[in-house]
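This report describes selected features of one protein model. The sequence and the structure are shown first, and the description follows.

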Amino acid sequence: MTAKSLFPDYIFESSWEVCNKVGGIYAVLSTRAKTLQNKTKDHLIFIGPDIWKQTDCPYFHEDDSLFTEWKNNAKAEGLDVKIGRWDIPGQPIAILVDFLPFFNQKDDIYSRLWCDFQVDSLHAYGDYDEASMFSYAAGRVVESFYRHKLGHGERVIYQANEWMTGLGLLYVRKHVPEIGTIFTTHATSIGRSIAGNNKPLYDYLSAYNGDQMASQLNMQSKHSIEKQTAHFTDCFTTVSDITARECAQLLEKKPDVVLPNGFEDNFVPRGAAFTAKRKRTRKRLLDIANALTGASFSDDALIISTSGRYEFRNKGIDVFIEAMHRLNNDERLQKQVVAFIEVPAWIADNREDLRERLASGKHFDEPLPTPVITRWLHNMGEDRVLNMMRSLDMLNRKDDKVKTIFIPCYLTGDDGIVDLPYFDVTLGNDLSVYPSYYEPWGYTPLESTAFHVPTITTNLSGFGLWVNSEIGRNGEIADGVKVIHRTDYNYSDVANAIKETVVQYANMSDDEVKSARDNASKLSKRALWKQFIVYYEQAYDLALRKAAARQDNKKK
């Protein structure tokens, strides 16, 4: 940022994932907050949905002393809000807004949206209405706060994340044009849908028309709000170069600034604390493997994992399973491998038989029934992970060198089986694998490297491309990150490359492993928010200048 660059006096930022831990955007906002909070000193305000009602939000602490007068004004305007602190590093101010009352005005809101910005809401279904009513409420909150608390002379930014907040940004754009707006799409809705429907996204990207594909895939309304918001915002942004190309083709708008996703490592334990947590986690994971399979595991067993949303193809869960199947049959593998699939599914009851075994503290020689999963599912017969494992005869037999175990629940620390939070489980791994087909950025491999765990990813992820650009060539596992070349059609090659990399890592010397772990950590430090916040400053400057020009034109 140059000396003449503009920086906002206030930043408002909205997302469905503010104080609502759903996916990767929660990680983006919650890790970036401290860096911005240090710059703005409580002039950073996040806006999220009040989905908690009468129950306490575990990520939010209400504070009745904050903005009391404005809260009363907002209530008089039909806005029911809770104001407090988001329980993340930096403790930024957060406003949770009740959006349900606006459902009564839904048709009128959509009509005005069509008239003002030609957004097609006629084909809305599923979560479109819920997201849009929250977005509208968030826009109203920004307008009310600006009118009552700020006003002319203050440089203000409103940043909206994903299509789910587009309606509110367009509302602000029309009703409070003094505010500079930034729209960030973390993944285009239509691009994700093309990939998720097993259509080749990359080789044919230049031939795809976003509007046509939206109609074909029944995505008209989500695509429409995303596309129009991208065109009408002051500054359109995305998170990686690979998604920027997608935006240019499918939304017909090239992003103004690319905002790569950074990370904070202040919660990565150091020294003895790291060693103790890693030792505890490894013991727990190997105890689970023993209790399920009845097999014994040595201390040097290789623990591998993949994790993320249950997007079977997009996240590469399918190719991970295939790679573990091939690895089990590779004679060069000399170590035992325990591979965990940590993907939330449609969970039912806990496995009492597994809980009882773990609680006993005993060592077991016989497997439990279905020794491939830690918790029962409602759809055991239709689950894609279990079905693929069955089709490949992956039954975790005692003599299998590779045991693959499905943990189908969020790792919150109290799931009843693992009982460790996700980051503790992460640092217990020896290697992680995220062979994504569709991944605009890729927080999971970045988090892995921050915990000194080398990772395997692909060049179809924003993070993988960033690693290659940082290293100056394709990343290898000795660098801390192996970046596999992936295309629309080389599934088998990717599975084989994963297998080969695991064999290579398993056969490394202790010194080579230590070097790879150190390199993973060093690489993650190049992606800290203090390195990446400059891109946000560029976006703020651009949006504020456009807002200022709008006001100058208004005066003429």
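Why are arginine 545 and aspartate 541 separated by about one helical turn? The two residues lie 4 residues apart in helix H19 (residues 529–555), and therefore about one helical turn separates them.

## Basis of the description

The model is predicted: local features need pLDDT of at least 70, side-chain atom pairs count only at pLDDT 80 or more, and totals for chains, interfaces and linings use all residues. Residues are numbered from 1 along each chain as its sequence is written, and side-chain values use heavy atoms, with hydrogens and water left out.

Helices (H or I, at least four residues) and strands (E, at least two) are DSSP runs, numbered from the N terminus. Buried denotes under 20% relative accessible area, exposed over 50%, and partly exposed in between (1.4 Å probe, protein chains only).

## Salt bridges

A salt bridge is a side-chain nitrogen of Lys or Arg within 4 Å of a carboxyl oxygen of Asp or Glu; the count by this rule is 36. Arginine 545 is partly exposed, with a relative accessible area of 40%, whereas aspartate 541 is buried at 15%.

Lysine 71 forms a salt bridge with glutamate 62, with 3.7 Å between the closest N and O atoms. Lysine 71 has 25% relative accessibility and counts as partly exposed; glutamate 62, at 44%, also counts as partly exposed. A network of salt bridges links Asp330, Arg332, Lys499 and Glu500.

The side chains of glutamate 439 and lysine 315 meet in a salt bridge (2.8 Å, N to O). This pair links distant parts of the chain, 124 residues apart: glutamate 439 is in the loop between strand S15 (431–433) and H15, and lysine 315 is in the loop between strand S10 (302–307) and helix H11 (317–328). Both glutamate 439 and lysine 315 are buried.

Helix H15 (residues 443–450) is mostly covered, with 8 of its 8 residues buried. Among them are Tyr443, Leu446 and Glu447. Histidine 452, which follows H15, has a positive phi near 65 degrees.

## Strands S16 and S17

Strand S16 (residues 455–458) pairs with S17 in the parallel sense over 4 bridges, where pairing requires that DSSP find at least two bridges between two strands. Threonine 458 has isoleucine 484 of S17 as its bridge partner. From S16 the chain crosses through helix H16 (residues 462–471) to S17 in a right-handed β-α-β crossover; right-handed means that, with the strands pointing away from the viewer, the path from the first strand over the helix to the second runs clockwise.

In a regular strand the side chains alternate between the two faces of the sheet. Strand S17 (residues 481–484) is covered on both faces, with Val481 and Val483 buried on one side and Lys482 and Ile484 buried on the other.

## The second largest pocket

On a 1 Å grid over the protein atoms alone, a pocket is an open set of points where a 1.4 Å probe fits, with protein on both sides within 12 Å along at least five of seven lines; lining residues have an atom within 4 Å of a point. The second largest pocket is lined by 18 residues, of which Arg278, Arg282, Asp430, Val513 and Arg517 lie nearest its centre. Helix H10 (271–293) and helix H18 (510–525) are the elements that give two or more residues to this lining, and H18 gives the most, with 5 residues.
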